[in-house]
Amino acid sequence: MEVTALCIRQLMTVLLLLIVQVDFSCSQTADEAFPQVVPNRQQHFEHDPIEVSCEGLEGLTGWRVMKKIKDKDVQTCSAEWSKSTGPCKITNGYQTSDSGQYWCERGGKKSNIINITVTAGSVILESPVHPVKQGDAVTLYCISKPTSTNITAEFSKNGHVMESRSTGNLTIESFSTSNEGLYTCKISGVESQGSWLTVRAPSSHHAPQLSLLLWIGLGVLALLLLLVVVLLVCRKHQPNIRDTTTVSYSCQSSSTPQTVSEEASEAAPIYSEATYALVTKPKKKKDDESLHHPVYHTLSLGRD
């Protein structure tokens, strides 16, 4: 009984550890998507609305969106500290006041840093805000404002022309470290600002596979726990033979069978046959007068 209880406790401990590990792996992967930016791109036209949010990071609310503008001190995205928790909504973006680094803070914790660029130009490059997972496909869009009928865009990396596309977009099928760099695009001779594209840490690439393996392990351990419980229930309802079995042993000298419990039989050695002998010893009679009174006899002596 004690062994079964110990096994159950150990299985429950392993289950809890695996659940924590799965939760940590999943939360770590999800947290890489913060801060969230709407529209989801690094570059934005001036006067366009921008929203930066940290709500949901680590499953919590009340995060503050912080920003660092060039040549300025770190400050909250919101003008007032008391109202700085929750999403940061920029109704009219300006190049001088809104271009910079953004991140989330709460209770001393800090998220990843992202870059937002607000431009007064007429062409922007739409690219991912966060690092790209290795092996994923990435599509870059070259957007002009106002919209031009000539959408042929020329894409460059680190100052070198890659290729021109009449569709206005360029897709990198399998992004890797060799694709990292500073990207720009050009429409009708007007070039966009540059945006950095980097690869996400390799450990995150294995996070989904790790989560899958952990969930499989949880399923196997749950089945083992169920099996232990079933065995425990069956053992509990099984009749106790030691309490119900009686064994009869007969002695050769007696015709009456004697019933003894198995526990008693285990305590003392049992013999299949026993021989008894009856030894009688004559007792002295209390009323035997010869023992208490003298007996006189008369002897006659003959004379010659």
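Visitor: Let's start with aspartate 48. Is aspartate 48 buried or exposed?

Guide: For that you look at relative accessible area, and under 20% counts as buried. Aspartate 48 comes out at 16%, so it is buried. Bear in mind that this is a predicted model.

Visitor: Where in the fold is aspartate 48 placed?

Guide: Aspartate 48 sits in a loop, with strand S2 (43-45) on one side and strand S3 (50-53) on the other.

Visitor: And which residues is aspartate 48 in contact with, leaving aside its neighbours within four places in sequence?

Guide: Those are Arg41, Ile90, Thr91, Asn92, Gly93 and Lys145.

Visitor: Zooming out, how many helices and strands are in the protein chain?

Guide: The chain has six helices and 19 strands. Of its 304 residues, 28% are buried. Take the contacts between residues at least 6 apart in sequence: 57% of them join residues at least 24 apart. The accessible surface is about 21,000 Å², with 56% of it belonging to carbon and sulfur atoms.

Visitor: Now the cysteines. What is a disulfide, in general?

Guide: A disulfide is a covalent bond between the sulfur atoms of two cysteines. In a model you look for pairs of cysteine sulfur atoms within 2.5 Å. Here that gives three disulfides.

Visitor: Which cysteine is joined to cysteine 54?

Guide: Cysteine 104, with an S to S distance of 1.9 Å. The torsion about that S-S bond is about -85°, so the disulfide is left-handed. Cysteine 54 is in the loop between S3 and strand S4 (64-69), while cysteine 104 is in strand S7 (residues 100-106), so the bond ties together parts 50 residues apart in sequence. Both cysteine 54 and cysteine 104 are buried.

Visitor: How far apart are the sulfur atoms of cysteine 77 and cysteine 88?

Guide: They are 1.6 Å apart, and the two cysteines form a disulfide. Its torsion is about -50°, so this disulfide is left-handed. Cysteine 77 lies in the loop between strand S5 (74-76) and strand S6 (88-90), and cysteine 88 lies in strand S6, 11 residues apart. Cysteine 77 has a relative accessible area of 11%, which means it is buried. Cysteine 88, at 7%, counts as buried.

Visitor: Is the disulfide of cysteine 142 and cysteine 185 left-handed or right-handed?

Guide: Right-handed, because the torsion about its S-S bond is about 80°. Cysteine 142 is in strand S11 (residues 138-144) and cysteine 185 in strand S15 (residues 181-187), 43 residues apart. The S to S distance is 2.1 Å, and both cysteine 142 and cysteine 185 are buried.

Visitor: What is the pairing if I number the bonded cysteines in sequence order?

Guide: It reads 1-4, 2-3, 5-6.

Visitor: Which residues make the nonpolar surface patch?

Guide: Ile216, Val220, Leu224, Leu227 and Leu231 make a patch of about 460 Å². Take leucine 231, found in helix H4 (residues 207-237). Its relative accessibility is 53%, so leucine 231 counts as exposed.

Visitor: Last one: what pLDDT does the protein chain average?

Guide: The average is 76, and 63% of the residues score at least 70. Over residues 20-30, pLDDT is below 50, and the model gives this stretch 10 contacts beyond near neighbours in sequence. Residues 244-265 also stay under 50, with 23 contacts beyond four places in sequence. Where pLDDT is low, the predicted coordinates should not be read in detail.

Note on methods:
Residues numbered from 1 in each chain as written. Predicted model: local features only at pLDDT ≥ 70, side-chain atom pairs only at ≥ 80, totals over all residues. Heavy atoms only, no water. Helix = DSSP H or I, 4+ residues; strand = E, 2+ residues; numbered from the N terminus. Buried < 20%, exposed > 50% of the residue type's maximum accessible area, 1.4 Å probe, protein only. Contact = heavy atoms within 4.5 Å. Areas by Shrake-Rupley, 256 points an atom, 1.4 Å probe, with all protein chains shown as cover. pLDDT = per-residue confidence, 0-100. Patch = residues over 30% accessible without salt bridge, like charges linked within 9 Å, V, L, I, M, F, W, Y side chains within 5 Å. Salt bridge = Lys/Arg side-chain N within 4 Å of Asp/Glu carboxyl O.
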